[in-house]
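Q: I would like to learn how to read some features of a protein model. Could you take me through them one by one?

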Amino acid sequence: MCGIVGYIGEQQAYPILIKGLHRLEYRGYDSAGVSMINADGVLSVYKSKGKVSALEASVADKDISGTIGIAHTRWATHGEPNAINAHPHFSQSKNLSLVHNGIIENYKSLRIELEKNGMTFCSETDTEVLVQLVEYTQQQHGCDLYRATQLALKSVVGAYAIAILDKRNPDQLICARKGSPLIIGVGTNNGAGKGEFFLGSDATPIIEYTNKVIYLQDEEIAIMNRNGDLKITNLSNVKQTPQVHTLQMNLDELEKGGYAHFMLKEIYEQPNALRICTKGRLNIVDKDVLLSGIIDHKEKFVKARRIIICACGTSWHSALIGKYFIEEAAQIPVEVEYASEFRYRNPVIFPDDVVIAVSQSGETADTLAAIQLAKDKGAFLYGICNVIGSSIPRATDSGTYLHVGPEIGVASTKAFTGQVITLFMLGLAIAKEKKTLSEDMFHMLVDELQKIPDKMQWTLDHNKGIDNFAQMFTYARNFIYLGRGYNYPVALEGALKLKEISYIHAEGYPAAEMKHGPIALIDEEMPVVVIAPKRGMYDKIVSNIQEIKSRKGKIISVVTEGDTIVKGMSDYCFEIPDTRDCYVPLLAILPLQLLSYYVAIAKGRNVDQPRNLAKSVTVE
């Protein structure tokens, strides 16, 4: 959840660290801090409660010189958000400083043992326990920091990504990971005994300086030296041979590009993002779908007893749409599981099951644990992720990247539609191999899917003015979202978006279930969002709307272009182009994303960094 940045080289560290923290702030923004060693060998730690801008203000009159440093932006787990609990943390002697992402599950027992041996603590965090443990190990074994870190981490239970400074060795930066992501950026080495390395929880703070990165693996520890030397071992001190990867990322993708917020930018990026996502995969000339992850393992899918999709949050909603489509097109039973529940059950998994993990970041802790459980039971694992080189693609047997570009806004938008269209392509690819669709139906579905990005652009262009009427709903304390069939998951996702960024309570329901309880909530103060395309169970939806109107509920509808019946019954209406009922979610979600955005803006919320949330949930 938290964001880590590090640097060692010839440049001044602070500007690199602070810019990196801004780019990682979507991972956590409860507090922030930096630690640097200056030319005189002084190890300084500066930290403050709140956003990175508060940290910048607090160090305005401080010594921020030095060419080695680590920094952190925090999403609080152990201890409330304040300057004391913020990272980096000092060791007792103040020789060491450490930043940490993850949760140390046995921190209480470690702390008790360290206190018995004379260690004192300033904070409530598990991170301070970690830095004290490293120092205690170093003292007890008389070893260098690298070896002390190895030994200390062997007694740690939980997840971690850490970076450590030692003021006694200002030419060395040490990092390690288990269960939380950490990337090493390899900078220039001029051959004169000088080099530089960058450290990040993901690529965003690194890409400005280098596109050459090493993805640190679980239970690996790295030592980066100012002379350009890099050494990586595992915790048993076995030397590892790292692979250097080339990042495919554009720095412009990390900027707002004239939009007020990343979320708004990412909403409007969706048509082009999905064109890129489908490029080379939808063959329009031959009306075909080409997914190498399916082609290379088609027998696994053709002979699959069932498919289990594990996901969390927005990814779970996309998975539910995928379930409906895969079952309809490929005639394979599909179960959709919350990864956080799946991992703690004893689920029945067969060797001929296919388990699909869906995650924007590819680092979601619960989803990673779920696929490890499935792997242990012999299932075939398939990953659908956006971040190249992340943990889920490395842990699965095959998969598909979304290629929708970095998503910085905490509330997912383009990753959701990217996941949905990828699951549609997956379902079509399986159906082709199983021959469960007629040739005409298959070609028609491929042809219509290719048109979706243009229809998304039409939807965005023809639903202006949402910002004006959204202000009318700032009074609301609750919303209900209704949909049927493929649009029930859209109702869930629309409600989630509103909750996430406006803090208005909202619930999504299957429209037919309204009479089984939720109708009791309807009155003149209850806005009800109804997804009512001309496709599917249109007459049933009309009946639901009449029931709401008779109880004075306010209707906000999403209708097919040219609709007059539902439009005439609605207080407010969004139009979308006509498409197949299965593809409606890709269009219907767009006005709901804009609705949540503009309601949140009208209420003065920080839409890119909503309270208590972080982009990547890399801890339990």
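Q: Which hand does the crossing of helix 17 and helix 20 have?
A: The crossing of these two helices is right-handed. A crossing is called left-handed if the near helix is turned anticlockwise from the far one by less than a right angle, and right-handed if clockwise. Helices here (H or I, at least four residues) and strands (E, at least two) are DSSP runs, numbered from the N terminus. This is a predicted model, in which local features need pLDDT of at least 70 and side-chain atom pairs count only at pLDDT 80 or more, while totals for chains, interfaces and linings use all residues. Residues are numbered from 1 along each chain as its sequence is written, and side-chain values use heavy atoms, with hydrogens and water left out.

Q: At what angle do helix 17 and helix 20 pack, and how far apart are their axes?
A: Two packed helices are described by the angle between their axes and the distance between the axes. Axes are lines fitted to C-alpha atoms, for helices over the stretch in contact, and angles run from 0 to 180 degrees between N-to-C directions. Helix 17 (residues 488-502) and helix 20 (residues 584-602) pack at about 20°, with axes 9 Å apart. The pair is therefore roughly parallel (under 35 degrees; over 145 is roughly antiparallel, 65 to 115 roughly perpendicular and the rest oblique). Residues in the contact (heavy atoms within 4.5 Å) include Val490, Leu498 and Ile501 of helix 17 and Ala588, Ile589 and Leu592 of helix 20.

Q: How should I read a sheet, and what is the strand order in the open sheet of six strands?
A: Strands of a sheet pair through backbone hydrogen bonds, either parallel or antiparallel. Two strands count as paired if DSSP finds at least two bridges between them. The open sheet of six strands has the order 5-6-7-8-12-13, and its pairing is antiparallel. Strand 5 (89-90) and strand 13 (230-234) stand at the edges with a single partner strand each, so one side of each has no neighbour in the sheet. Strand 13 pairs with strand 12 (residues 220-225) over five bridges, in the antiparallel sense; one of the paired positions joins Met224 to Leu230 in strand 13.

Q: Which strands do helix 4 and helix 5 lie across?
A: Helix 4 (residues 126-141) lies across strand 5, strand 6 (96-101) and strand 7 (160-166), at about 135° to strand 6. Helix 5 (residues 145-154) lies across strand 6, strand 7, strand 8 (172-178), strand 12 and strand 13, and runs at about 150° to strand 7.

Q: Which way do the side chains of strand 2 point?
A: In a regular strand the side chains alternate between the two faces of the sheet. In strand 2, Ser31, Gly33, Ser35 and Ile37 point one way and Ala32, Val34 and Met36 the other, and all are buried (under 20% relative accessible area, with exposed over 50% and partly exposed in between, for a 1.4 Å probe and protein chains only). Strand 2 (residues 31-37) pairs with strand 3 in the antiparallel sense over seven bridges, with Ala32 opposite Ser48 and Gly33 opposite Lys47. Six bridges also join strand 2 to strand 4, again antiparallel, and Met36 has Gly69 as its bridge partner there. Strand 3 (residues 43-49) is mostly covered, with five of its seven residues buried.

Q: What backbone values stand out at Pro88, Asn237 and Lys287?
A: Most residues other than glycine have a negative phi, and most peptide bonds are trans. The bond from His87 to Pro88 is cis, with omega near 0°, and Pro88 sits in the loop between strand 4 (68-74) and strand 5. Asn237 has a positive phi of about 70° and is partly exposed at 40% relative accessibility. Its loop runs between strand 13 and strand 14 (245-246). Lys287, with phi near 50°, lies in the loop between strand 15 (282-283) and strand 16 (288-289) and is partly exposed at 23%.

Q: Is Ser570 buried or exposed, and what does its side chain reach?
A: Ser570 counts as buried because its relative accessibility is 14%. This serine is in the loop between helix 19 (565-569) and strand 26 (572-576). Its side chain makes a polar contact with the side chain of Ser557 at 2.8 Å (a pair of N or O atoms within 3.5 Å; within protein, one must be able to donate a hydrogen and the other to accept it, and residues adjacent in sequence count only if both atoms are side-chain atoms). A polar atom of the Ser570 side chain also lies 2.7 Å from the backbone oxygen of Val566.
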